[in-house]
Amino acid sequence: MTAKPYLHKVLYRDCDMMGVVNNANYVHFMEDARVDALSQIGCEYKGMEERGFAGPVIRLSIEYKSSARFGDEMEVVVTFTRYTGVRLCLSYVMRDRATGKVFATATSEHCFVSMSDGAPVLISRRFPDWDEALSKACKSD
């Protein structure tokens, strides 16, 4: 499933002295878009933490295509690509909202762990509502 795009207006603080988005900030844009995409399928990140588990990033890959600049309206499209009950994989396209020019593409992989001891959490056993939502999100499109 592809989530409704997350919108971000590139801020001055996102950029270097040349007005170009610092490459590290794309990770922040991805995180904001991921939290929003999870919310769209009924998996509130805050609710996850309140229930005692987290979904840390275990793999991240970004390919930069063109420079985003101060004032650009960026849309980040998140697609749920794979879910195993233990791991979740997402893909991202970050592009200019007006022109469609792609700034970057990326993927992230997440596992699920207990916040109390860091032990792996099998979502299907402990949180069946999340398991169902993530399974459905990865099968549609």
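In what order do the five strands of the open sheet run? The order is 1-4-5-6-3, and the pairing is antiparallel. Here two strands count as paired if DSSP finds at least two bridges between them, and helices (H or I, at least four residues) and strands (E, at least two) are DSSP runs numbered from the N terminus.

Strand 1 (6–9) and strand 3 (57–64) sit at the edges with a single partner strand each, so one side of each has no neighbour in the sheet. On average, neighbouring strands are turned by 20° against each other, direction ignored.

A word on the source: this is a predicted model, where local features need pLDDT of at least 70, side-chain atom pairs count only at pLDDT 80 or more, and totals for chains, interfaces and linings use all residues. Residues are numbered from 1 along each chain as its sequence is written, and side-chain values use heavy atoms, leaving out hydrogens and water.

Glutamate 63 has threonine 105 of strand 6 as its bridge partner.

Axes are lines fitted to C-alpha atoms, for helices over the stretch in contact, and angles run from 0 to 180 degrees between N-to-C directions.

| Helix | Strands touched | Angle with strand 4 |
|---|---|---|
| Helix 1 | strand 1, strand 3, strand 4, strand 5, strand 6 | about 60° |
| Helix 4 | strand 4, strand 5 | about 105° |

In helix 4, the buried residues (under 20% relative accessible area, with exposed over 50% and partly exposed in between; 1.4 Å probe, protein chains only) include Trp130, Leu134 and Cys138. Among the elements covering the buried residues of helix 4 are helix 1 (25–40) and strand 5 (87–96).

Definitions and conventions:
Contact = heavy atoms within 4.5 Å.
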